[in-house]
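Take a look at the model below.

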Amino acid sequence: LFPTTTMLSAARLLTRRLPSSAPAAVAVQTRYMGSAESFHINTPDNTPETYFDFTEENYKFVTKILSKYPANYKQSGIIPLLDLAQRQHGGWLPVAAMDKVASIVEAAPTRVYEVASFYTMFNRTKVGKYFIQLCGTTPCMICGSEDIKKVIEKHLGIKNGETTKDGMFTLLEVECLGACANAPMIQLNDDYYECLTAKTIVELLEACKEGKPPAMGRWGSLPMNGQVSCEGPLGKTSLWEVPAPPKVDVERFKGGEVDPASVKEHMSY
């Protein structure tokens, strides 16, 4: 091993050899790929003491969700219960809602925080009434997503990662949303609007301001150029029949609990 003094001397020598006039490298972040920090920060309306509970109507859904899993696998319901809480709370999850879910599934709150902070479908900070997730991955990018982003920013007066002052819109650039055939596209809350142009994105935003976003098409999305789903000019050419679902034993959880060794059998895998 070299003596410490020798190592320090070498470091000083290397420093003297570096050109002093070279400008420092500046990292410029061009894409904002997250909606919140990975840790919780208390705000006046989001503390562990903030009250949250499911409504009487939503407790019916809580029961329905938990009925899908064995009694000793309640934690399997964390994701759908968080989604239910987020929808009840206006599109975002306060920490009190996570604590409520932890209580229901009999898990440590940390286990629920891990899920909520891992999946981007959960918003742990406020978002607008219309949450715009703009795909910026390669297929959408080469088809004009950067231009769509500029139009949205100019029309709404916000930048990527920001919310309008009236709380109506939040814009966030995200990674692939799986609609590459109809690029460029956005996910607006739960809905996909595809084949966008500078003109049609403005029309969509104006419709949202009036509280009348266009309804989804027959196949669950809406290409804004008039086409049907992702069908080509020849129309539908395959997948004419709906495959039969697998048979599931309706009494598979009759005993209340399931032996982990046989869980795959009971879950009809």
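How many bridges join β3 to β4, and do these strands run parallel or antiparallel? Three bridges join them, and β3 and β4 run antiparallel. Strands (E, at least two residues) and helices (H or I, at least four) are DSSP runs, numbered from the N terminus.

## The model and its confidence

This is a predicted model, in which local features need pLDDT of at least 70, side-chain atom pairs count only at pLDDT 80 or more, and totals for chains, interfaces and linings use all residues. Residues are numbered from 1 along each chain as its sequence is written, and side-chain values use heavy atoms, with hydrogens and water left out.

The mean pLDDT of the protein chain is 84. That score is the predictor's confidence in each residue, from 0 to 100. A value of 70 or more is reached by 80% of the residues. Contact means heavy atoms within 4.5 Å.

Five strands form an open sheet in the order β2-β1-β3-β4-β5. The pairing is mixed. Two strands pair if DSSP finds at least two bridges between them. From one strand to the next, the twist averages 20 degrees. Angles run from 0 to 180 degrees between N-to-C directions, and axes are lines fitted to C-alpha atoms, for helices over the stretch in contact.

Strand β1 (residues 130–135) meets β3 (residues 186–188) through three bridges, and the two run antiparallel. Here Q133 has Q187 of β3 as its bridge partner. Helix α8 (residues 198–209) packs on the sheet. This helix touches β1, β2, β3 and β4 (191–194), and its direction makes about 5 degrees with that of β3.

What stands opposite I186 in β4? The residue is Y193. Y193 also has a bridge partner in β5, namely L222. Strands β4 and β5 are joined by three bridges and run parallel.

Helix α2 (residues 56–66), helix α3 (residues 78–88) and helix α4 (residues 95–105) pack in pairs. Angles under 35 degrees count as roughly parallel, over 145 as roughly antiparallel, 65 to 115 as roughly perpendicular and the rest as oblique. A crossing is right-handed if the near helix is turned clockwise from the far one by less than a right angle, and left-handed if anticlockwise.

Start with α3 and α4. They pack at about 140 degrees, with axes 10 Å apart. They are therefore oblique to each other. Their crossing is right-handed. I78, L81, L82 and A85 of α3 meet A97, M98, V101, I104 and V105 of α4. The contact has nine nonpolar, no polar and no charged residues. Ala, Val, Leu, Ile, Met, Phe, Trp, Tyr, Cys and Pro count as nonpolar, Asp, Glu, Lys and Arg as charged, and the others, Gly among them, as polar.

Next come α2 and α3, at about 165 degrees with axes 10 Å apart. That makes α2 roughly antiparallel to α3. Their crossing is right-handed. N58, F61, V62, I65 and L66 of α2 touch P80, L81, L84 and Q88 of α3. By class, seven of these residues are nonpolar, two are polar and none is charged.

The axes of α2 and α4 come within 12 Å and cross at roughly 50 degrees. So α2 is oblique to α4. In this contact, Y59, V62 and L66 of α2 meet K100, I104 and V105 of α4. The classes are five nonpolar, no polar and one charged.

## Local details

D83 sits in helix α3. Beyond four places in sequence, D83 contacts M121 and F122. The C-alpha atoms of D83 and N123 are 9.9 Å apart, though 40 residues separate them along the chain.

Most residues other than glycine have a negative phi, and most peptide bonds are trans. Where are the exceptions? In the hairpin of β3 and β4, with two residues between the strands, N189 takes a positive phi near 55 degrees. C195 is not a glycine, yet has a positive phi of about 55 degrees. C195 lies in the loop between β4 and α8. The peptide bond from A183 to P184 is cis, with omega near -5 degrees. P184 belongs to the loop between β2 and β3.
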